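Please look at the sequence and the model together.

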Amino acid sequence: MDESTNLWVFGYGSLVWKPGFQHGKLLVGYVNGFARRFWQGNETHRGTPGKPGRVATLIEEAKSTTYGVAMELQGEEALDYLNNREMTLGGYIQKITMFHTADDKHPPFPVLVFVATSKSSFWLGPAEPHVIAEQVVTSSGPSGHNVEYVLRLADWFHTALPSVHDEHLFSIEVHVRIKVKERNLCLKTLMGEKEAVVETRVVEHNEHSPSVARRGTFAYTCENKCMKCIKL
């Protein structure tokens with residue numbers, strides 16, 4: 001960009017909702033010539049050795065457009081973090097392509113993009129959406145459940161780019177939601193949302209207690225024991 005000489009990275013997977021590093025400016029937009037596909041396996045974040053989860057990569061496809069975000073990198077620490085996260089642990093390689101902002105307020109500018117190819121040791125390749133969804137629903141790793149990865153990416157899309165349709169992503173999303181519902185799985189747990197139980201103490205009163213006079217009042221009602229689930 002004209003006003004920035006820093007390196008920018010294109011995020012199209014978990015980077016759009018969980019970058020994991022401090023970045024500068026963030027712009028929503030797209031790159032041409034690439035298609036997002038859940039063809040890359042992952043054993044370090046959303047899966048485990050021998051039971052990989054499915055994560056997104058980009059494949060070169062001349063007529064395709066992939067939407068995501070461009071993030072401005074500040075300092076070598078951010079790039080080092082990404083290289084470790086995407087290349088060392090994820091099996092991706094680096095490429096440079098041109099990024100276009102969704103609002104067309106900036107001219108196209110180069111971005112770094114991490115892609116996985118069939119040469120990656122974690123490559124899983126094409127599969128039908130329901131097959132990918134099955135692997136997603138049954139996989140989890142140190143960073144959380146594979147369901148969270150898919151649904152948070154889809155949720156970001158629905159919010160940030162409601163007029164854009166990503167057939168591959170959305171078809172997998174639908175199958176994942178169906179499988180979670182059919183198996184009566186707790187979606188909040190899969191999404192990494194925790195609940196804490198808060199207990200208030202029971203206060204016993206005899207007939208001479210001052211609180212007897214407050215029976216039937218709001219203050220008296222709040223003295224009784226209650227269990228509440230608070231979303232953290």
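Helix α2 passes helix α4 in a right-handed crossing. In this predicted model, α2 covers residues 129-137, and its axis comes within 8 Å of the axis of α4, the two crossing at roughly 55°. That angle makes α2 oblique to α4. On the α2 side the contact is made by Pro 129, His 130, Ile 132, Ala 133, Glu 134, Val 136 and Val 137, and on the α4 side by His 168, Ser 171, Ile 172, His 175, Val 176, Lys 179 and Val 180. By class, the residues of this contact are 8 nonpolar, 4 polar and 2 charged.

Helix α4 also packs against helix α3. Here α3 spans residues 146-160 and α4 spans residues 167-182, with an angle of about 125° between them and their axes 10 Å apart. The crossing of α3 past α4 is left-handed. From α3, the residues Val 147, Val 150, Leu 151, Leu 153, Ala 154, Asp 155, Phe 157 and His 158 take part; they meet Leu 169, Phe 170, Ile 172, Glu 173, Val 176, Arg 177 and Val 180 of α4. This contact divides into 11 nonpolar residues, 1 polar and 3 charged.

One further residue of α4 is Ile 178. The C-alpha atom of Ile 178 is separated by 9.4 Å from that of Ala 133, although the two residues are 45 apart along the chain.

Turn now to strand β4, residues 93-101, which contains Thr 101. Thr 101 has a relative accessible area of 2% and is therefore buried. Leaving out residues up to four places away in sequence, Thr 101 touches Leu 27, Val 28, Gly 29, Tyr 30, His 106 and Phe 109. A polar atom of the Thr 101 side chain also lies 3.5 Å from the backbone nitrogen of Lys 105.

For the protein as a whole, the secondary structure comes to 6 helices and 9 strands. Of its 232 residues, 44% are buried. Among contacts between residues at least 6 apart in sequence, 72% join residues at least 24 apart.

How values were computed
Residues are numbered from 1 along each chain as its sequence is written. This is a predicted model: local features need pLDDT of at least 70, side-chain atom pairs count only at pLDDT 80 or more; totals for chains, interfaces and linings use all residues. Side-chain values use heavy atoms; hydrogens and water are left out. Helices (H or I, at least four residues) and strands (E, at least two) are DSSP runs, numbered from the N terminus. Buried means under 20% relative accessible area, exposed over 50%, partly exposed in between (1.4 Å probe, protein chains only). A polar contact is a pair of N or O atoms within 3.5 Å; within protein, one must be able to donate a hydrogen and the other to accept it, and residues adjacent in sequence count only if both atoms are side-chain atoms. Contact means heavy atoms within 4.5 Å. Axes are lines fitted to C-alpha atoms, for helices over the stretch in contact, and angles run from 0 to 180 degrees between N-to-C directions. A crossing is left-handed if the near helix is turned anticlockwise from the far one by less than a right angle, and right-handed if clockwise. Ala, Val, Leu, Ile, Met, Phe, Trp, Tyr, Cys and Pro count as nonpolar, Asp, Glu, Lys and Arg as charged, and the others, Gly among them, as polar. Angles under 35 degrees count as roughly parallel, over 145 as roughly antiparallel, 65 to 115 as roughly perpendicular and the rest as oblique.
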